[in-house]
Amino acid sequence: MEVPRRPQPSSFTLALPKPASSALSPLGAAEKVANTDPRKEKLQEKNDDGAAERDQFGEETSSTEEELHVFAEASAETSEPVNTNTSAQEINVRLSSQDSFSEESSMSEERMAAEAEEARKKCEEEEAAAKERAAQRQMLALEELVQSERNYLRLLQLSTVTIRSNLKKLQPPPASLDSMFLYIEEVMDVSSRLLSLLDQKQVQPGDPHFLETLCDSFLSLSSDIEVAYREYLANYTQVTVLENSYKQKEALWNDIVGVIKTSAPEINATSLSFFLVMPVQRIARYPLLLQTIQKHTDRTHPAYALLEQTAHTSIALNCRINEYKRFREVADKYKKTETLTIKDKINRLNTHSIAKKTARLSQHIKHETGIVPKLVDEEFDVLEGFFYVLEHGILELLENVETYLYHLQRFLSCKTEEFDLDMDGEKYPICYKEISTALRQWILPTFEKRMRTLIHKPLCALRDLLVGPRNLIRKRLDKLLDYELIEAKSNLSYEEQDVANTYRTINTLLLNELPQFNGLALQMIWSMLGTFSCLHKDLASDMEQLFQSFAQQLPHSSLNRSAFWEWAECAVLEGARRMETLCRSVEDTLNAPAAQPLSPSSQRRLKQLTDKHGSGKIYQVMGTVVGSRDLDLNLARGELVAIISEADTRGDKRRWLVDAGGRRGYAPSSKLIRYHQPTDDPPPSPHLMLPEGMTAIRRHSYTPESRSLTVMSQPCFQVLAAYNFTARGNHEVSLRAGEPVRVLEPHDKRGNPEWSLVESRGGKRGYVPSNYLTITPLGAGPPGTYQPHC
């Protein structure tokens with residue numbers, strides 16, 4: 001770097017010593033140097049500038065040589081002689097001052113470096129101390145989580161084992177005591193499993209791997225923790241209600257408090273809720289403890305990401321439990337069935353309820369008439385349909401099982417072995433009596449007991465469980481109608497927002513829970529059917545063992561296997577043929593139509609339905625009808641109804657819309673049969689309207705030879721069908737109005753004159769109502785009719 005030169009002065013005067021004195025004293029030299037102050041100042045400034053430039057650019061150029069060069073030039077220009085000794089002294093002074101300045105600069109740099117090093121060390125010490133404090137706080141938080149979990153489990157075990165067993169010793173023990181501790185065993189189990197996982201690793205809170213072990217253990221049990229705690233928290237309301245009922249009885253409550261204090265004297269507890277509220281508090285404390293540990297854990301820790309995931313999992317777990325508890329509260333509110341009298345229902349009526357029900361009815365009418373489209377949820381409709389199919393199957397299965405048990409009980413009550421068959425002394429009746437006694441006293445009663453325990457009771461419990469989902473489905477329909485009225489609004493009031501939230505909650509609850517209920521119900525049905533088969537297999541095995549003990553005493557026991565089975569097959573087929581013949585005979589006898597007189601109320605209903613819908617729409621219920629769906633009717637056997645529509649709103653022709661005399665609803669078409677009612681002025685029975693003096697030969701259905709000619713005096717008459725008649729079974733015959741018939745018997749087999757046995761033109765025989773026949777003179781019928789002989 002080029003050093004800028006000092007500008008040359010216009011005049012330069014240098015004081016020289018006198019010629020006489022050839023040597024200068026040190027003092028004189030100093031004065032000489034002092035007399036040259038301006039130049040020295042210039043040189044000093046030049047040295048300072050050079051030093052500054054060296055510091056800035058890092059160049060090591062000697063300023064002393066530059067100053068000497070400048071000084072030599074100045075001396076040459078002035079052409080004045082310069083004393084060499086004086087110049088050397090001045091140079092020495094400059095060098096010493098420059099050395100002192102360099103020493104001061106180096107000392108300042110060393111001092112600053114020392115201070116920076118000291119500050120760095122202090123900062124590192126502070127960071128190390130902060131890390132140590134965070135590690136200590138982390139360890140304390142870990143110890144608190146583990147130790148509080150152990151204390152929590154110990155108190156739960158104390159309340160569940162010791163206090164519970166001592167409360168059962170009270171006379172009498174508190175009612176529904178086990179309901180107080182419902183689901184607490186599951187909570188204790190998941191807590192003990194968490195501690196066991198920590199103990200198996202054999203690590204302590206101070207171990208670096210303990211945090212990772214804790215997080216892994218908690219995450220592996222998170223689903224079990226959620227299941228255990230959500231059921232307990234959902235049932236905790238019942239715990240408080242039950243404890244309040246205990247408090248209403250002062251003597252009982254004093255005994256309970258005494259048992260608690262005696263069982264746990266070291267704990268200041270005065271109620272069961274002191275222990276039973278701990279799970280409610282514990283599940284909410286997990287996120288706080290984990291977040292505290294996360295707060296005092298360095299982000300560079302290997303398990304920090306796992307700890308963060310664990311903390312988020314605990315928060316999400318609490319949110320899901322709270323949501324489940326809210327769903328359960330809504331379900332408990334709407335699924336219960338209230339039995340209210342008419343007075344109670346009237347007392348509940350108010351302006352709000354009337355307006356709400358009117359709006360629902362109006363919306364429902366709009367749906368049925370097609371004015372407003374209905375909000376369709378295909379997923380829910382599928383679940384609802386499957387639920388009703390299951391409900392129908394469960395009710396049918398329960399009805400069949402009850403009928404089975406009823407007939408089994410009737411069979412057991414008929415003790416044929418006690419009758420005297422006048423066969424004393426014979427071997428076969430004795431064997432029969434012994435076998436029958438064993439069947440009725442041991443084998444069949446045991447079978448019946450197992451049937452009631454394993455089949456009938458579970459079916460009854462499953463039937464009772466259907467009430468809750470059915471009520472929720474119906475309540476969802478009501479809330480859906482309310483929701484549709486406010487769906488299009490942009491701004492909702494508080495009450496309208498509550499209605500919308502209630503509908504969404506019920507809908508979500510059904511979508512989540514109904515598939516599980518349907519699956520479990522179907523699984524139970526299959527299980528009970530399998531159990532039913534196993535019970536009959538066991539029954540057959542017991543009966544086989546019983547019969548084998550008497551096999552040698554029975555006939556045909558000496559036959560070989562093939563011959564015995566051939567004889568058995570023939571015997572069974574012969575018995576089946578005889579049984580079939582007997583059944584046909586009994587069926588023909590029982591199926592003969594018999595007119596059953598209607599009660600006065602049924603006659604009034606018949607007249608009302610006939611006047612309103614006509615006689616062609618009147619049907620009679622063949623069997624008891626139990627409604628299982630919305631708008632279904634409960635009808636008794638023999639009840640009269642009028643058909644309004646032969647299909648429901650979905651086009652299902654298996655459900656007919658009927659009028660039951662004021663009540664309208666749906667009934668299964670398979671249980672309805674057309675009712676043939678008499679007219680207001682029925683035609684007289686043909687066997688009562690024969691003219692006097694006329695005779696006729698009685699024709700019997702079982703004597704074909706009786707079809708001899710009937711000789712009657714003039715005029716001659718014929719019997720015609722006055723109305724159309726459709727046969728309802730094999731014992732009846734269908735007729736068309738004006739069709740000639742021949743009366744074989746003017747009454748049925750029971751002697752009832754309201755039915756007549758006739759033969760149609762095609763040779764078919766059967767019963768028709770007597771008032772559907774009329775007698776007309778010969779030739780008055782339509783052309784080509786059957787002409788009897790006169």
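Biologist: Where is the place of Asp482 in the secondary structure?

Modeller: This is a predicted model. In it, Asp482 sits in helix α17, which covers residues 467–486.

Biologist: Why is Asp482 called buried?

Modeller: Its relative accessible area is 9%. Buried means under 20%. So Asp482 counts as buried.

Biologist: What makes the pair of Asp482 and Arg360 a polar contact?

Modeller: The two side chains come to 2.8 Å. The cut-off is an N or O pair within 3.5 Å, with one atom able to donate a hydrogen and the other to accept it. The side chains of Asp482 and Arg360 therefore make a polar contact.

Biologist: Which residues does Asp482 touch, leaving out those up to four places away in sequence?

Modeller: Lys356, Arg360 and Val499.

Biologist: Now Glu391. Is Glu391 buried or exposed?

Modeller: Buried. Glu391 has 1% relative accessibility, and the limit is under 20%. Glu391 is part of helix α15, residues 378–413.

Biologist: What joins the side chains of Glu391 and Arg470?

Modeller: A polar contact of 2.5 Å. Beyond four places in sequence, Glu391 touches Leu466, Arg470 and Ser628.

Biologist: On to charged pairs. How many salt bridges does the structure hold?

Modeller: The structure holds 35. One of them joins Arg282 and Glu149.

Biologist: What makes Arg282 and Glu149 a salt bridge?

Modeller: Their closest N and O atoms are 2.6 Å apart. The rule asks for a side-chain nitrogen of Lys or Arg within 4 Å of a carboxyl oxygen of Asp or Glu. So the pair of Arg282 and Glu149 qualifies.

Biologist: Which parts of the chain does the pair of Arg282 and Glu149 link?

Modeller: Distant ones. Arg282 is in helix α11, residues 278–295, and Glu149 is in helix α4. They are 133 residues apart. Arg282 is buried at 5% relative accessibility. Glu149 is buried at 1%.

Biologist: How do you know that Arg164 and Glu185 meet in a salt bridge?

Modeller: By the distance from N to O, which is 2.8 Å. The limit is 4 Å. Arg164 lies in helix α4 and Glu185 in helix α6, so the pair ties together parts 21 residues apart in sequence.

Biologist: Why is Arg164 called buried, and why is Glu185 called partly exposed?

Modeller: Arg164 has 14% relative accessibility, and under 20% means buried. Glu185 has 36%.

Biologist: Which residues are linked with Arg164 and Glu185 in a network of salt bridges?

Modeller: Lys168 and Asp178.

Biologist: What makes Asp648 and Arg655 a salt bridge?

Modeller: The closest N and O atoms are 3.2 Å apart, and the limit is 4 Å. Asp648 is buried at 10% relative accessibility. Arg655 is buried at 13%.

Biologist: How many disulfides are there?

Modeller: The count is zero. A disulfide needs a pair of cysteine sulfur atoms within 2.5 Å.

Biologist: Now the backbone. What kind of peptide bond joins Gln171 and Pro172?

Modeller: A cis bond, with omega about -5°. Most peptide bonds are trans. Pro172 is in the loop between α4 (84–168) and α5 (177–180).

Biologist: What is the phi of Ser176, and what is the phi of Tyr183?

Modeller: Phi of Ser176 is near 55°, a positive value in a residue other than glycine. Tyr183 has a positive phi of about 70°, and it is not a glycine either. Most residues other than glycine have a negative phi. Ser176 lies in the loop between α4 and α5. Tyr183 lies in the loop between α5 and α6 (184–200).

Biologist: Which residues make the nonpolar surface patch of about 410 Å²?

Modeller: Ile342, Ile346, Leu349 and Ile354. Leu349 is in the loop between α13 (342–348) and α14 (351–369). Its relative accessible area is 47%. A patch residue needs over 30%, so Leu349 passes that cut-off.

Conventions: Residues numbered from 1 in each chain as written. Predicted model: local features only at pLDDT ≥ 70, side-chain atom pairs only at ≥ 80, totals over all residues. Heavy atoms only, no water. Helix = DSSP H or I, 4+ residues; strand = E, 2+ residues; numbered from the N terminus. Buried < 20%, exposed > 50% of the residue type's maximum accessible area, 1.4 Å probe, protein only. Contact = heavy atoms within 4.5 Å. Patch = residues over 30% accessible without salt bridge, like charges linked within 9 Å, V, L, I, M, F, W, Y side chains within 5 Å. Areas by Shrake-Rupley, 256 points an atom, 1.4 Å probe, with all protein chains shown as cover.
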